[in-house]
Amino acid sequence: MSIAFRIPMSGRSTEERHRVSSPLELLFDLTFVVAIAQVASQLAHAGEEGHALEKLGPYLMVFFAIWWAWMNFTWFASAYDTDDVPYRLMTLVQMGGVLVLAAGVPAAFAQSDFTAIIVGYLIMRLALVGQWVRAAIEHADGRTTAVRYASGVAAVQVLWVAWGFLPPGMRPWLFLLGVVLELSVPLWAERTGMTSWHPHHIAERYGLFTIIVLGESVSASAIGVQKGLAAHGVSAALVAIAIAGLVLLFALWWLYFLEPAAEGLESKRGRSFYWGYGHYFVFAALAALGAGLEVAVQAGAGHHAASDAAVGYAVAIPVAVFLLMLYVLHAPLVPEVVIRPLKTAAAIILVLVLPLASPLIGLVGVVIGIAVVAAALVAATLVDRAIAARATMDAGHAPDGPVEPTA
């Protein structure tokens, strides 16, 4: 495949047909696999020792850096991906920044040393500034927006560098300020004109990142199995929790892709910030679920310091957050969500109640129960769709595509 050395950045069409992720975007995503694996592993290690709550703050902070860097690249690429040599090289720099950040995750969790994370994040962000400067130079119609992006992103990096020199006790408050400023840059920049991101491309990119995070959860479960086997050998509890974990992850994957987003993003572009920003909680919950499943599998093998209820909630809370966010994010985009709200609410309640029953059903029963609830929600939604499709057919209207339930 040949590429041009340089193609002017003029903004891609929002109506481009068959827009899909490029091979470069897929390669870029692989660097985030490393970063997510590191942060999930550290959270799992804390959970094994019964200190998950103590490390929740560092987890959420580091995950924000990972997610925000990925998200900014994704939306920029959707509007300005030229796939020429300068663009590829700038993307390479951003990939290097991701790996530097990933290398700094253990120190951030163990010693509250965020130096490598700040350096890696700075590399990624300055490379993005360079991309926005290029867009400002070459795309006259979008120049004001691009200049705002470049100046806003660069300015916030000054705060992050200063953040690294603060005493640990002051960092959480300044971190929250940094988050607010980071989230405000796109809102401020696009007031002068929305970039030409492609709705179907964005929906696909978010779906692929969801698969990446789910894949990390599968990997974390496998690591838990390996540690459990090495320490205690095969046990019925270990096998049962491992199988239930796999079923749970498969059900969550199914649920995510039952809810359509591309058409909603296309018709309601103004709500893209809400949908895009809200996915932080979806991705963070799925990565935390991987850590919880790793701890649960080891607990099934007889190796854990936390109580069964605590380990159960390490699985239940991420699942509940994921289910809640599926509804919260999609309800404003579509006329009617596919997964019915009452069924979602019932599933969330059941998932959160199950760990309380751990003295009666044990950790194995808790994890199996959560998996059954998620699978039942998939089945109930499929039944709703089948009933709606049959009703449409009986009314004499052949459906053009997937039919959403009306009740």
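Begin by selecting Leu174, a residue of helix H7, which spans residues 171–189. The model on display is a predicted one. Show the surroundings of Leu174: apart from neighbours within four places in sequence, Leu174 contacts Leu159, Trp163 and Leu166. Leu174 and Gly215 are separated by 41 residues in sequence and by 33 Å in space.

Now select helix H1, residues 23–48, together with helix H2, residues 56–80. Two packed helices are described by the angle and the distance between their axes. Here the axes come within 10 Å and cross at roughly 170 degrees. Angles over 145 degrees count as roughly antiparallel, and H1 and H2 are therefore roughly antiparallel to each other.

Which residues of H1 meet H2? On the H1 side, select Glu25, Phe28, Asp29, Phe32, Ala35, Ile36, Val39 and Leu43. Their partners in H2 are Tyr59, Val62, Phe63, Ile66, Ala69, Trp70, Phe73 and Ala77. Within this contact, 14 residues are nonpolar, 2 are charged and none is polar.

Keep Phe63 selected and display its contacts. Leaving aside neighbours within four places in sequence, Phe63 touches Ile36, Val39, Tyr280, Phe283, Ala284 and Ala287.

Finally, turn to the largest nonpolar core, which has 125 residues. Val62, Phe63 and Leu252 touch the most other members of this core. H2 supplies the largest share, 18 residues. Colour domain 1 (23–196) and domain 2 (200–393) separately: the core draws at least three residues from each of them.

How values were computed: Residues numbered from 1 in each chain as written. Predicted model: local features only at pLDDT ≥ 70, side-chain atom pairs only at ≥ 80, totals over all residues. Heavy atoms only, no water. Axes fitted to C-alpha atoms, helices over the stretch in contact; angles between N-to-C directions. Helix = DSSP H or I, 4+ residues; strand = E, 2+ residues; numbered from the N terminus. Parallel < 35°, antiparallel > 145°, perpendicular 65-115°, else oblique. Contact = heavy atoms within 4.5 Å. Nonpolar A, V, L, I, M, F, W, Y, C, P; charged D, E, K, R; others polar. Core = buried A, V, L, I, M, F, W, Y, C linked by side-chain atoms within 4.5 Å. Buried < 20%, exposed > 50% of the residue type's maximum accessible area, 1.4 Å probe, protein only. Domains from an automatic or database assignment.
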